[in-house]
Amino acid sequence: MNYLTVENISKSYGELTLFENLSFSVHKDQKIAFVAKNGTGKTSILNILSGDDEADTGNVIYRKDIKVAFLSQDPKLDKDLTVEETIFASDNPILKVILDYEHALLDPEDADAYQKAFEQMEQHQAWDFETQYKQILFKLNLEDLNQKVSTLSGGQKKRLSLANALINKPDLLILDEPTNHLDLEMIEWLETFFAKENITLFMVTHDRYFLERVCNEIIELDEGQLYSYKGNYSYYLEKREARIEQTEVETGKAKQLFKKELEWMRRQPKARTTKSKSRIDDFHDIKHRASQRRNDHEVQLELNMERLGGKVVEFHKVHKSFEDKVILDGFEYLFKNGERTGIIGKNGTGKTTFLNLLTQTEQPDSGKIIKGDTVKFGYYTQNGMTIKPEQKVIDVIKEFGDYIPLKKGRQISAQQLLERFLFDRKKQYDFVEKLSGGERKRLYLCTVLIQNPNFLILDEPTNDLDIVTLNVLENFLLDFPGCVIVVSHDRYFMDKVVDHLFVFKGDGEIEDFPGNYTDYRVYEDSQSVVSNTSEEKKDKKAWKKTEDTKLTYNEEKELKNIESKLNSLSFDKKELEAKFNNPDLSPDEINKLSQSLQKVIDDMESKEERWLELLSKLE
């Protein structure tokens with residue numbers, strides 16, 4: 001079933017043509033990732049799909065009556081609403097039923113309202129839906145339902161917008177970098193959610209593990225052409241490489257044929273037969289194919305790093321708190337030259353505060369942080385670079401000098417350096433504010449690296465960078481001779497770059513784990529299995545003590561469960577019976593109460609029968 005058809009869309013900004021005559025479609029149950037280099041129009045395409053922008057040519061056609069949800073990088077939310085009001089502001093009828101029920105619970109004396117709300121919950125089968133939407137809010141750390149949207153951070157707004165989209169269960173969900181602003185646990189939960197839910201996805205993401213585990217098709221925009229790959233990220237890499245090799249072979253053959261045909265053209269035959277005219281037309285096509293050249297330039301990173309001395313950075317019994325929130329509690333650590341440290345932990349556990357303490361932009365409450373004399377930090381922050389009005393790309397780099405020093409006494413001009421970071425001469429004179437999000441991050445990375453740091457601190461460096469640039473950055477960091485600290489939700493990036501992890505667990509507890517992120521997850525899973533096995537053994541030991549009861553282990557658990565249910569039903573029965581004391585009840589209300597009471601009594605009788613059956617085995 002076709003959900004979305006995109007026909008021959010094009011988009012230009014002045015002289016800059018982003019793409020021309022692109023066509024693709026999205027069908028039910030597809031989970032499609034859209035990948036392309038920064039600056040080639042990924043976000044523009046999503047804006048066209050959402051209606052926030054218009055294509056210069058072509059059409060976007062949605063199937064009639066399907067429900068579509070969009071998650072943008074900068075969601076538009078009503079700042080005057082609370083988190084809960086934002087969730088319930090949607091047109092989902094089940095959410096209205098749940099809201100009425102929750103209001104009825106707040107006023108238990110209004111029996112009519114409660115009964116009506118209860119029946120609506122039953123009629124719409126809203127109990128499971130209520131459980132699921134609360135789980136989504138919990139998993140995305142949006143538990144303060146009364147918090148105003150105006151007080152939320154950018155990351156919280158993105159998570160609220162994502163929660164809204166997931167709760168409303170659209171037929172088609174269109175996402176722009178869904179893993180940005182999520183911590184690692186949230187990303188892994190979202191992966192599992194998308195894998196099991198029957199939801200159709202079209203998304204832009206650079207998260208390679210997410211691509212691998214969620215997507216069943218990848219559409220790539222490369223050199224102005226769209227290519228579709230029916231498979232996950234590994235399949236895409238394999239087939240893409242084969243496609244590029246085949247194109248190079250065909251281009252080589254076209255070049256050989258072009259030389260041969262060029263000689264024929266230069267002879268300029270006098271007799272122009274129909275056959276020769278056809279050959280002339282073919283010549284122009286061959287010339288075009290022979291002149292095709294891939295624009296596969298990659299970012300080139302090079303540093304004139306000052307050598308680190310014996311002392312790098314030392315933490316001695318460092319304490320840091322904000323009111324009742326403990327970040328560091330007597331933390332001690334000595335950084336050594338060449339360390340590659342990853343930092344993970346839930347949002348709000350103090351990762352960014354730790355980096356600010358390290359770079360001495362914040363001071364500890366007590367303890368000492370000693371920085372070596374030769375240490376020069378390069379700090380790539382989440383906030384990015386400060387954009388000055390009408391500042392051009394070239395001006396950003398020239399603030400550091402017209403010539404930048406490289407290794408072995410060499411130097412490079414600001415223009416040449418920008419070309420290494422994939423900003424051609426024309427792009428260098430664009431205003432910074434016109435760059436795409438990924439291009440700005442690439443320029444910011446350039447400004448951090450040209451200061452020749454020997455201790456790199458990267459706080460979420462992968463946000464908005466394309467996969468090609470990420471691969472280059474990863475390889476650069478592997479060869480970087482100084483210290484590296486990385487805070488990232490990109491598990492692939494962490495696995496490739498870091499040697500050990502600081503795991504921020506909250507309340508000042510930090511675990512130093514010797515390995516990368518996947519190693520840590522394997523360790524955590526094994527600990528969970530050990531813990532569960534231990535608990536199971538305890539349960540079984542307790543059960544063995546009553547082995548003479550002739551109940552199986554599962555029956556023992558069932559007996560306890562039934563006893564709990566009977567207590568709950570008994571409470572419900574008393575509540576309903578008390579309502580009959582109201583002399584103002586109408587005949588209809590009495591009838592409804594009677595039906596509810598009878599349902600509770602039937603349920604109690606059924607459970608009591610099973611309870612007696614299990615008890616008989618104890619005799």
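Helices (H or I, at least four residues) and strands (E, at least two) are DSSP runs, numbered from the N terminus. The model is predicted: local features need pLDDT of at least 70 and side-chain atom pairs pLDDT 80 or more, while totals for chains, interfaces and linings use all residues. Residues are numbered from 1 along each chain as its sequence is written, and side-chain values use heavy atoms, without hydrogens and water.

**View 1. Loop between β19 and β20.** D507 lies in the loop between β19 (500-506) and β20 (509-513). Its phi is near 55 degrees, a positive value in a residue other than glycine. D507 is exposed, at 69% relative accessible area (exposed is over 50%, buried under 20%, partly exposed in between; 1.4 Å probe, protein chains only).

**View 2. Loop between β4 and β5.** D65 is placed in the loop between β4 and β5 (68-71). This residue, not a glycine, has a positive phi of about 70 degrees. D65 is exposed, with a relative accessible area of 72%.

**View 3. Open sheet of three strands.** The strand order is β2-β1-β4, with antiparallel pairing (two strands pair if DSSP finds at least two bridges between them). The edge strands, β2 (16-27) and β4 (57-62), each pair on one side only. Strand β1 (residues 2-13) and β4 pair over five bridges; in β4, T57 is the bridge partner of S10.

**View 4. Helix α7.** Among the buried residues of α7 are W189, L190, F193 and F194. At the start of α7, a side-chain oxygen of D183 comes to within 3.2 Å of the backbone nitrogen of E185.

How values were computed
Polar contact = N/O pair within 3.5 Å; in protein donor to acceptor, adjacent residues only side chain to side chain.
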